[in-house]
Amino acid sequence: MSTDVPPSVLVLNCGSSSVKFALVDPNTGRRQVSALAERVGSPDCEVRLSRDGQHQTSTPAGTSPHAVIEHLLDALTESERAGLVGVGHRVVHGGTRFAASAVIDDDVLSVLDGLIDLAPLHLPANLDGIRAAQAVLPDLGQVAVFDTAFHQSMSPAAYRYAVPADWYHEHQVRRYGFHGTSHRYVNARAAELLDSPVESLRMVTVHLGNGCSAAAIRDGRSVDTTMGLTPLEGLVMGTRSGDIDPAVLGYLAPRLGLDLAALINVLNTRSGLLGLSGISNDLRTIINAAQAGSADAELAIEVFCHRVAKAIAAMAATLGRLDAVVFTGGIGEHSAEVRHRVLAGLAVLGVHENPAANASHGKGSRGRISSANSVPVLVVPTDEELVIARDTVELTR
């Protein structure tokens, strides 16, 4: 590679019908190119690519993950291709095998094939993306970065369910946790903003977006989190219910004439903020509706914030001491209203809002939105792609 070509990692996030693609400088975090392919696998597949503030839309010749990734690479300049030093893949589930990112080889692929039952909606797409990238870029090292890996430091007291032991030993039924790359990044970044070594801090990080989770992090290691076997457990989310009495499913099945799979689909796709409000899974739309007088929208916000505050208190209890609370994710970073409501319920933990700092999302105050006499509360924009890029460079060096 020429020394005047900035290094970059191709970061891929392949979903069931989408491919997110970015060229990330692992040193600066700059996105040289970013792209999103939607409706992958459909004749309506479309690619939107951004470079230096310029945007273009195109249609790939084929619609398979392989064809889409090849199409995206064809859109790169010769210089951009020359700067590639590796490919990093977001992989949703690593089971118990992976407590850290891993260079992808035949053994890793075999393990991931065996984990598909734990994430049947996500892992097949992740694997398709990995195999496509291997075929198109055979000379570059490929690294898997797992959503679950950061939480593998949890103790059995945190990850075991109170169910028959053979469910765990024979079927791997336990809590895995997700959003690990985000929690890992904001924990380290918050330590920088607090001018404290990450190894000395105990904090609760709260990722709030369409998917939501909280994590208790002690000395840089996850000790508890709200998501479980799947991303359905825990907080109220855009379309996911979060925690629910499992007996509800048995109660409703005969009344609604739905089987278990159909009911779980409702909990994943028609519940959460969408189910409560009856309007949208987008909190901005719901807040506007509440301000216009919608009681259902107001209730959705109240339930959402109540669950977040309760989760933060629960996570704090596992730490023994609370040094900081950190908000991230689309809602966590941008909704002063949600943060205000959540913090109002946390005075018992010594948490107090600075309204002006909260309104400005912590800009100009090193992310801090709490008052001077409060446990520090920060807003930290997450950057999962940068974590993936840096792990890729580290492991393929």
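Student: What do strand 2 and strand 3 form, and how many residues lie between them?
Tutor: A hairpin, with six residues between strand 2 and strand 3. Gly29 in the turn has a positive phi of about 85°. Strands here are DSSP runs of E of at least two residues, and helices are runs of H or I of at least four, numbered from the N terminus.

Student: Where do these numbers come from?
Tutor: This is a predicted model, where local features need pLDDT of at least 70, side-chain atom pairs count only at pLDDT 80 or more, and totals for chains, interfaces and linings use all residues. Residues are numbered from 1 along each chain as its sequence is written, and side-chain values use heavy atoms, with hydrogens and water left out.

Student: In what sense do strand 2 and strand 3 pair?
Tutor: Antiparallel, over seven bridges. Two strands pair if DSSP finds at least two bridges between them. Leu23 has Val33 in strand 3 as its bridge partner.

Student: And how many bridges join strand 1 and strand 2?
Tutor: Six, again antiparallel. Leu12 stands opposite Phe21 of strand 2.

Student: What order do the strands take in the sheet?
Tutor: The sheet is open, has eight strands and runs 5-4-3-2-1-6-8-7, with mixed pairing. Strand 5 (54-58) and strand 7 (102-103) are at the edges with a single partner strand each, so one side of each has no neighbour in the sheet.

Student: New topic. Which residues of helix 16 are buried?
Tutor: Among them are Leu386, Val387, Ile388 and Val393. Buried means under 20% relative accessible area, with a 1.4 Å probe and protein chains only.

Conventions. Buried means under 20% relative accessible area, exposed over 50%, partly exposed in between (1.4 Å probe, protein chains only).
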